[in-house]
Amino acid sequence: MIRYIHANDLDAFPLLKRTMFTDRADQFRNRLGWAVTVDEAGEERDDYDALNPLYVIWERADGRHGGSMRLLPTTGRCMVNEHFLHLTGGVRIESPLIWECTRFCLARETEPGTASALMLAGGEVMQGFGVEHYVGVFDSRMVRIYRRIGASPEVLGSQGDGREKVSVGLWGFSAEAQARVAASAGIAPGQSRAWFEAAFGAAPARVSAAA
């Protein structure tokens, strides 16, 4: 199932919290070789986890993390404006209608369709909170994943070639895109909406992610 949890509330889900951060260490340090910070408990965090982001998490049947992504409004601190301005030609992306999506992570043995389920959940956030676009930085390995689940972004800028290519992309939302991603995830739109309403109610206030 999908859970929507702000960082300040993660302690209520200790197993989910621990396995999310250890899976992030496994993916970003061990598998991708990124220069990320991993603590003595084997958990990966950065400065943006301290800003009370909204995590969208696929929780497996045993309560462990299957996949997740992190959302922050671009009106505050975010990675694209602090670390990747070279990909946007120096143009800052700042709007209450645009949130940043980072740390897209999949556990090694997660269920098929987890990536699609996360993207479907991202659409629920867009509808529920009045967000029109997500912005995010991605590497070449993600291009195939986005294409497979029917959620390819508009590329705003890139650097590098081949496997070293890094891009910044912009994702929108449409009913057609929702249908494609729901079909890829194997999740009925009604079930997706029910998970969102379980977290925020039927008509959540349109506030920033760092609530």
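This briefing walks through the open spaces, the salt bridges and one threonine of the structure above. The model is predicted, so local features need pLDDT of at least 70, side-chain atom pairs count only at pLDDT 80 or more, and totals for chains, interfaces and linings use all residues. Residues are numbered from 1 along each chain as its sequence is written, and side-chain values use heavy atoms, with hydrogens and water left out. Helices (DSSP runs of H or I, at least four residues) and strands (runs of E, at least two) are numbered from the N terminus.

**Pockets and a cavity**

- On a 1 Å grid over the protein atoms alone, a cavity is a set of points where a 1.4 Å probe fits but cannot get out. A pocket is an open set with protein on both sides within 12 Å along at least five of seven lines, and lining residues have an atom within 4 Å of a point.
- Grid points are joined across faces, edges and corners, and a volume is the space filled by probe spheres set on the points.
- The largest pocket holds about 1000 Å³ of space. Its lining has 49 residues, and C101, G136, V137, F138 and Y146 lie nearest the centre.
- Helix α3 gives the most to this lining, with eight residues.
- By class, the lining of the largest pocket has 27 nonpolar, 11 polar and 11 charged residues. Here Ala, Val, Leu, Ile, Met, Phe, Trp, Tyr, Cys and Pro count as nonpolar, Asp, Glu, Lys and Arg as charged, and the others, Gly among them, as polar.
- The second largest pocket has about 180 Å³ of space. Strand β1 brings the largest share of its lining, five residues, and the classes are nine nonpolar, one polar and two charged.
- There is one cavity of 30 Å³ or more. The largest cavity is lined by I2, Y4, A117, L120, A121, I187, S192 and W195, of which seven are nonpolar, one is polar and none is charged.

**Salt bridges**

- A salt bridge is a side-chain nitrogen of Lys or Arg within 4 Å of a carboxyl oxygen of Asp or Glu. The whole structure has 17 of them.
- R24 pairs with E44, with the closest N and O atoms 2.7 Å apart. R24 is in helix α1 and E44 in the loop between α1 and β2, so the pair ties together parts 20 residues apart in sequence.
- E44 also forms a salt bridge with R103, at 2.9 Å between the closest N and O atoms. This pair links distant parts of the chain, as R103 sits in strand β4, 59 residues from E44.
- Shared partners join R24, E44, D46, D49, R70 and R103 into one network of salt bridges.
- Buried means under 20% relative accessible area, exposed over 50%, and partly exposed in between (1.4 Å probe, protein chains only). R24 counts as buried at 1%, and E44 is buried at 0%.
- D26 and R31 meet in another salt bridge (3.6 Å, N to O). D26 is buried at 13%, while R31 is partly exposed at 37%.

**A look at T110**

- T110 is in the loop between β4 and α3, and T110 is buried, with a relative accessible area of 18%.
- A polar contact is a pair of N or O atoms within 3.5 Å; within protein, one must be able to donate a hydrogen and the other to accept it, and residues adjacent in sequence count only if both atoms are side-chain atoms. The side chains of T110 and E111 make one at 3.2 Å.
- A polar atom of the T110 side chain lies 3.0 Å from the backbone oxygen of G66.
- Apart from neighbours within four places in sequence, T110 is in contact (heavy atoms within 4.5 Å) with W58, R60 and G66.
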